[in-house]
Amino acid sequence: MDRPLHSVRTRLDDFLAELATLNYRQGAGLALDVSPSQLHAAFPELSSPDTFAAANEALAKAQSKNEPLTVRRIRLVRELVASHVEDALAARHVEAIASLEAQARLMVDDQTYSFGEALGRIPHESARGRRALLERATGEFLWQNRTRYGDRRDAALHTAEQLGAKNYPALRQDVTGIDFARLAESAATMLARTEDAYRDVLAYVLKKVDPLLRPLPGGEARRHDLQAALQTPWMDGFFRREDAFPAVVRWLGEWGLTPNAGGRIRIDDEARPGKSPRPFVAVVRVPDDIRLVLQPRGGIDGLASLLHEMGHAQHRAHVSDTLPMELRRLGDASVTEAHAAVFERLLLSPEWLKRYLGLPTVAARDTVRLAAFQALTLLRRHAAKLTYELSLTQRGASTERADEYADGQRHALFVEPHPGFFLHDVDPQLYVAHYLRSWALETQLTARITEQFNEDYWRNPAAAAWLKGLYARGGTDDAEGLATETSGTPLALPEAGERLVAILNR
């Protein structure tokens, strides 16, 4: 590799370990030894356009020599550099937003909330009137500060300019290999094919939280109503927070895995102030230092989040330690998200729910249907986000985008969104595309496991061994290649939606 790339490669593993440690401490409620900006400032070549140019030259040389492994390694570093160029351009805006949100105090009735508290409270507030006030307060805060959030989003446009791309989607397509136009077309097909089933179950879950609620266009349901319904509070008695982790531990043991992967996964389940309410994984060293941060939560969503993050942790902890650094550390994010989703989709198995949580047959059947609805809602929401974010990252963060955002979400979800969220409900680096591709890949992986090891694959250690074989390959595979290898067909987003519809229609 050329000198700038050699320098990046030499320092990259240690830098990513420091960055993951910082993210771990921040999310775990621990004191920070260094700020993110200080850490990035100490490694300027990672966010340098010159390094990206050197990667382009090295890639062309490797391709001319027909060296596929070298090509893959350079592509992964090149994508990372492009992302860090954007991160550097956005850094001061990200820090300004973090400070703004930390200092914000929102009045709702007679109570004062921080921005994060108000946002986090919305799905869990049982009183509709108070939910509406919380949504309005957060939405208006975001609208009033839209210039700050817009500056962060427009860093994407500046990145494309600095790296010589026609526009930002073209840049991300170049570095990731994702065909965004084809994915958007596939997302539109999925939305059309799943609309009827989604609307039928939406009407049901809205009535569960408020008998008078109806979806759009004839009703008055808002986004906050859907958020509350997705928490399925009427099922909480079957999903106590103290039962979730023991159930997952028991399942892993029967499957031939352990929660700590022989000491490679460090589980942080200690209660402390400031700890993230949602579980997350910090990848410090691959495969030997993976940190799974837990805060016990009840409900179907709590168990889904636990399974998802355990999937991430198991994947990274079983990557082969003999792989080159780039293939251990980096990879197609769609693949790791798919492996996490394979774990999460265990909620679609009534027999798994009965065996490990002791659910009665009727409760297990209802859970499967609700979990399928949650998954379909997420799929439809992100399909709409993809189209919107492609427009946002080409046309810039003007107020016209607020109407685009609201129209897309309204069409996909049949509830009324607050337009103030148009610059907040955005995934950096078009990560929304990775989520969509991961759900398509998960559908194919689960179908292959089921075909090879039967419907109760989740209790067959041979199925776990098969997955570990995929995990070991690290960043060698991209989602398209893995889909073709395991199913014989390319990624197909409509199939992911149709599988969920089939469950809803049982």
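Reply: Start with helices. Helices are DSSP runs of H or I with at least four residues, strands are runs of E with at least two, and both are numbered from the N terminus. His312 is found in one of these helices, α12 (residues 299-317). This is a predicted model, where local features need pLDDT of at least 70, side-chain atom pairs count only at pLDDT 80 or more, and totals for chains, interfaces and linings use all residues. Residues are numbered from 1 along each chain as its sequence is written, and side-chain values use heavy atoms, with hydrogens and water left out.

Me: How many helices and strands are in the protein?

Reply: The protein has 21 helices and 5 strands.

Me: Why is His312 called buried?

Reply: Buried means under 20% relative accessible area, exposed means over 50%, and partly exposed lies in between (1.4 Å probe, protein chains only). His312 has a relative accessible area of 11%, so His312 is buried. Leaving out residues up to four places away in sequence, His312 touches Val281, Thr336, Glu337 and Ala340. Contact here means heavy atoms within 4.5 Å.

Me: What makes Thr377 count as buried?

Reply: Its relative accessibility is 4%, so Thr377 counts as buried. Thr377 is found in helix α16. Its contacts, not counting residues up to four places away in sequence, are Tyr198, Leu226, Leu230 and Leu413.

Me: Why is α16 called roughly antiparallel to α17?

Reply: Take the axes. They are lines fitted to C-alpha atoms, for helices over the stretch in contact, and angles run from 0 to 180 degrees between N-to-C directions. Helix α16 (residues 361-395) and helix α17 (residues 400-413) have axes that come within 9 Å and cross at roughly 160 degrees. That makes the pair roughly antiparallel. The cut-offs: under 35 degrees is roughly parallel, over 145 roughly antiparallel, 65 to 115 roughly perpendicular, and the rest oblique.

Me: Which residues make that contact?

Reply: From α16 they include Thr377, Arg380 and Tyr388. From α17 they include Glu404, Tyr405 and Leu413.

Me: How do you know that the protein agrees with a compact globule?

Reply: Compare the radius of gyration, taken over C-alpha atoms, with the globule rule: 2.2 Å times the number of residues to the power 0.38. With 506 residues, a compact globule would be near 23 Å, and the protein has 22 Å, so the value agrees. The C-alpha trace spans about 65 × 55 × 45 Å along its principal axes. Of the 506 residues, 55% count as buried.
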